[in-house]
Structure formats: C-alpha cells, structure tokens
Amino acid sequence: MIVTMGDSVTWGQGLLDIHKFDRLFAAGRDLTRIAHSGATIGAKTDTSTEKVYPEVPVAHPSVWQQVLGFQDWADVDVVILNGGINDVSLTRILNPLVPATQVTQLTTQFCQEGMRALLKTAVGKLVKPEAKIAVVGYYPILSEESFFENENQPRMLMELHGVATSSVALGTTFSVEGLIPAIEANCLAFWKTSDTALQAAVDAANECAGRDACVFVQVPFTEVNSMWAKHPLLWELSPLLDAEDEAEIKTLRDRACTELYGDVVDALQWAKCDRASVGHPNVEGAAKIAAALTAAV
C-alpha cells in the first residue's frame, strides 16, 4: 500500500485523480491519500481533527495528526509525505516587507527541526523492513524568470494571502512592480532552504533509525518553471485573475468554498479558497514529480 500524507502539494491541488503524482507513482497499486490542502506540520499535541473537502485550504488535520491517526501501518510499502510551507506561511513568503533572512530562519525551523521530529515518529510506525518514507520537496513559486501579463496578477496573488496593496484611509493603490523582487527573493529563499532542510531531516531520521528508511525527493523544477516564467509547471492566475486548474476540480472546490465561507459573508476567504490551486504543480509538473519519485524510491 502507498499512503500519501502532507499538504496541498502531495494532495495534488487542482488536479484530477488520474493526474496526481501519487496516483501516477502508484501505477495500479493500492493508494490511500490523507493529505489535504492547507495542512501544517503542526505538533504532536494537535487536537483538531475536523475535516473538510481536501481542496479547501485548512490547517487541520496537521501532518502530525495524519501520521498519528493512521492505523494500517502493517500494509504500508511507501509513505509519500511533505510539509512546512504552511507553517512558514505564504503570507510571509509573499510579503515584500518580510526579509528573506526571516523566511530562511523559519524554513529551517519547520522543514528541518519540525520535520525531523515528525519523521522519527513516522519511521517508528513502519512495520515492513523494506518500507520507505519519501519526503517530497518544494519548488520556486516565483523567480526572476517570472514575467506578468499585467500588474493585477501579482497584486491578486499578494492580496489573496493577506498582503494589502491599497489603503482605504489614504485612498491609494500601491504599485507592486517595485515590490516583486523582494517577493521573488523570499520564494527562492524558501525553495532553496527547504530543500536543504528537508534533506537534513531525512538524514537525521535515517541516522536515528539505523537504516535508510527515508528518502528526499527533490522536485525537478528550476526558476524557468515558476509561475509566469518561460516554461511554467505551476497553475497560474489567468489575465482575468481566475484559477487555471482542471475545470471539474475547480467546480467542486468552488462549491465547497461557498458552503464553508459564502461569497458574500467572507468574500476574501472565499476568493482565496476559490483560487487555491494557484502556485501548485499543473498536469505536466505533477508528471515530472511522479518521475522523480519513481527514480528516488
């Protein structure tokens, strides 16, 4: 059995089941997917286990809860797992006022220290001696290769994650062009630091276990594969500021977002939920991750 735990990346945000990278990797083998959008690594003491439609970004159940709540460890051959970006938070990563040094520090804290503790517990639950935990990395959301069709695209991306680009009190709207380099620097800091940190967490868990129970799967994307770059492997915001994921999934997510938030009662949360696929691997990107996963495991 293959079990997928973690956040929206391992869930496969915006993708039909047949296009998700864990399904491609499974190639007909039994697959149980517990991952969901918005999940944080969290802590061993987390208690909230309420579940919503997995396309809707909510923090709970945390990855810790996913590991501790799973029961069928005797049947597990491979665990696909990730986590960390929601603990650091996109609100920080996409905020030009947050320095890249802070993103680096928090990424090390969660993707290395937090993941190391989680992996040690998860490895201890494996029953089959050949069972593996594949820790999937992240990728550059934006980079210096990102070129926007209009300024409203990065503006919407920032505002969806709580970064205001206008002032009601001053009656002004700020130009985001000068803010983009700082955001790109944060995205690159998270990507590069998370790769190093997750690898370190895997190494520490293997040392503790006395065997190579874990493997780090580096996502094979570069700066040219970021949003609005030359060869994007991520879902983007269209020029009309709509999400570009697979239509059937978007319809289902829209329905779940409306049930949870309504499009009038909490318009910002609804808009964020409605566009939750933005910045996640698209069909081609998921296929490339599946190939990397197969090669690593």
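For reference, a disulfide here is a pair of cysteine sulfur atoms within 2.5 Å. This is a predicted model, in which local features need pLDDT of at least 70 and side-chain atom pairs count only at pLDDT 80 or more, while totals for chains, interfaces and linings use all residues. Residues are numbered from 1 along each chain as its sequence is written, and side-chain values use heavy atoms, with hydrogens and water left out. Helices and strands are DSSP runs (H or I, at least four residues, for helices; E, at least two, for strands), numbered from the N terminus.

**The sheet**

- Five strands make an open sheet, ordered S2-S1-S3-S4-S7, with parallel pairing. Two strands count as paired if DSSP finds at least two bridges between them.
- Strands of a sheet pair through backbone hydrogen bonds, either parallel or antiparallel.
- At the edges you'll find strand S2 (31-33) and S7, each of which pairs on one side only.
- On average, neighbouring strands of this sheet are turned by 20 degrees against each other, direction ignored. The axes behind such angles are lines fitted to C-alpha atoms (for helices, over the stretch in contact), and angles run from 0 to 180 degrees between N-to-C directions.

**Strand by strand**

- S1 and S2 pair in the parallel sense over three bridges, and Val3 has Thr32 as its bridge partner in S2.
- Strand S1 (residues 2-5) also pairs with S3, again parallel, over four bridges. There, Ile2 stands opposite Val78 in S3.
- S4 and S7 run parallel and are joined by four bridges, with Phe216 in S7 as the bridge partner of Val135.

**What the strands point at**

- From strand S3 (residues 78-81), Val78 and Ile80 point one way, Val79 and Leu81 point the other way, and all of them are buried. Buried means under 20% relative accessible area, with exposed over 50% and partly exposed in between (1.4 Å probe, protein chains only).
- S7 is covered on both faces: Cys214 and Phe216 are buried on one side, Val215 and Val217 on the other.
- Cys214 counts as buried because its relative accessibility is 5%.

- Phe221 lies in the loop between strand S7 (214-217) and H9, and it counts as buried because its relative accessibility is 4%.
- C-alpha to C-alpha, Phe221 and Asp195 are 12 Å apart in space, and they are 26 residues apart in sequence.

**H6 against H8**

- Helix H6 (residues 100-125) packs with helix H8 (residues 180-209) at an angle of about 25 degrees, and their axes are 8 Å apart.
- That angle makes H6 roughly parallel to H8. The cut-offs are under 35 degrees for roughly parallel, over 145 for roughly antiparallel and 65 to 115 for roughly perpendicular, with the rest oblique.
- The crossing of H6 with H8 is right-handed. Handedness is right if the near helix is turned clockwise from the far one by less than a right angle, and left if anticlockwise.
- Contact residues between H6 and H8 split into 18 nonpolar, seven polar and two charged. Ala, Val, Leu, Ile, Met, Phe, Trp, Tyr, Cys and Pro count as nonpolar, Asp, Glu, Lys and Arg as charged, and the others, Gly among them, as polar.

- H9 and H10 pack at an angle of about 160 degrees, their axes 9 Å apart. That makes H9 roughly antiparallel to H10, and H9 passes H10 in a right-handed crossing.
- The disulfide count comes to one: Cys257 with Cys273, their sulfur atoms 1.9 Å apart.
- The link of Cys257 and Cys273 is left-handed, with -80 degrees about the S-S bond.
- It connects distant parts of the chain, from Cys257 in helix H9 (residues 247-261) to Cys273 in helix H10 (residues 267-274), 16 residues apart.
- Cys257 and Cys273 are both buried.
- Cys111, on the other hand, is in no disulfide; the nearest cysteine sulfur, that of Cys187, is 14 Å away. Cys111 counts as buried, at 0% relative accessibility.
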